[in-house]
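Subject: Structure handover

Hello,

Please read them with the model open.

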Amino acid sequence: MDGKRFGILLCANDSDYVKKKYGGYYGVFVQMLAEEGEIWDVYRVADGELPSDNVIGLYDGFVITGSCCDAYGNDVWICNLLNLLLKLVAMKKQLLGICFGHQILGRALGGKIGRASTGWDIGVTKIHLSPSSQLFSSLKMPAFLSVIECHRDEVWELPPNAEVVAWSEKTGVEMFKYSDHILGIQGHPEYSRDILLHLVDRLQRCDCILESYADKVKSGLAAAEPDRDAWKKLCTTFLKRKL
């Protein structure tokens, strides 16, 4: 390997379950994306930790994770993250946004983000991949991929010069691409079913979702399987400029 270096901009607090089983969400992403010889660092953005200007140039790319916060909010850490993203965009760093990360990238680039009119989308969702996207054709991706979803916000309006490269029946912008160095994914390709099941329980306990909806999600998960290997290939190829 060529010793590339990547940063994870962690926008969520680790649950006890994820910490115990995976070493936190950092461990989840490293398990999916890291290869031998690479350096992977984590910055706990939601706690106010950001890479300084004098180190961001050392990185080949960054992953912006999911969060329980709204990407259209104006919390101090979110505003600081937006400022960082603008610097990274100007430097043409490879940027991969997941869920909240997908939305905050859309906002940073000039798009509009808000609550989804269709409400929560939790479970395994089949998304349509654009047949005209070179990213998918070069990897010989199928017409559809299944991915774990857990969100109630979405990209309302694309940033200028961005293109929708995937969509679903419920969400119009499942993925967007901006130039050759930014990719947003609304779903959670890094999630396993056990992570989602524990998250559903947490959402139910805090009254974010109804028990009936939680039961429906769990039943659906028993019969569906995300295409995790394909997502790993896609995310790794994009982040590391392997095309």
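Leu239 first. At 1% relative accessibility, Leu239 counts as buried, because the cut-off for buried is under 20%. Keep in mind that this is a predicted model. Leu239 belongs to helix α8, which covers residues 228-239. For a distance to check on screen, take Gly114: its C-alpha atom is 26 Å from that of Leu239. Along the chain, those two residues are 125 apart.

The largest pocket has a volume of about 630 Å³. Its lining is made up of 31 residues. Closest to the centre of this pocket are Gly66, Ser67, Cys68, Cys69 and Leu199. Which elements supply at least two residues each to the lining of the largest pocket? They are α2 (25-33), α4 (100-108), β7 (144-151) and α6 (193-205). The largest share comes from α6, with 3 residues. By class, the lining of the largest pocket holds 18 nonpolar, 7 polar and 6 charged residues.

The second largest pocket holds about 340 Å³ of space. It is lined by 18 residues. Nearest its centre lie Asp121, Ile122, Gly123, Val124 and Thr125. Two or more lining residues of the second largest pocket come from β6 (121-129), and likewise from α7 (211-222). β6 gives the most to this lining, with 7 residues. The lining of the second largest pocket divides into 8 nonpolar, 5 polar and 5 charged residues.

Now the helix pair α6 and α7.

How do these two helices run relative to each other? The axes of α6 and α7 come within 10 Å and cross at roughly 175°. That angle makes α6 roughly antiparallel to α7, because angles over 145 degrees count as such. From α6, the residues in the contact are Arg193, Leu196, Leu197, Val200, Asp201 and Gln204. They meet Glu211, Ala214, Val217, Lys218, Leu221 and Ala222 of α7. By class, the contact of α6 with α7 has 7 nonpolar, 1 polar and 4 charged residues.

The largest cavity holds about 50 Å³ of space. Lining the largest cavity are Ser15, Tyr17, Val18, Tyr25, Ile195, His198, Leu199 and Arg202. α6 gives the most to the lining of the largest cavity, with 4 residues. That lining divides into 5 nonpolar, 2 polar and 1 charged.

Best wishes

Terms used:
Residues are numbered from 1 along each chain as its sequence is written. This is a predicted model: local features need pLDDT of at least 70, side-chain atom pairs count only at pLDDT 80 or more; totals for chains, interfaces and linings use all residues. Side-chain values use heavy atoms; hydrogens and water are left out. Buried means under 20% relative accessible area, exposed over 50%, partly exposed in between (1.4 Å probe, protein chains only). On a 1 Å grid over the protein atoms alone, a cavity is a set of points where a 1.4 Å probe fits but cannot get out, and a pocket is an open set with protein on both sides within 12 Å along at least five of seven lines; lining residues have an atom within 4 Å of a point. Grid points are joined across faces, edges and corners, and a volume is the space filled by probe spheres set on the points. Ala, Val, Leu, Ile, Met, Phe, Trp, Tyr, Cys and Pro count as nonpolar, Asp, Glu, Lys and Arg as charged, and the others, Gly among them, as polar. Axes are lines fitted to C-alpha atoms, for helices over the stretch in contact, and angles run from 0 to 180 degrees between N-to-C directions. Angles under 35 degrees count as roughly parallel, over 145 as roughly antiparallel, 65 to 115 as roughly perpendicular and the rest as oblique. Contact means heavy atoms within 4.5 Å.
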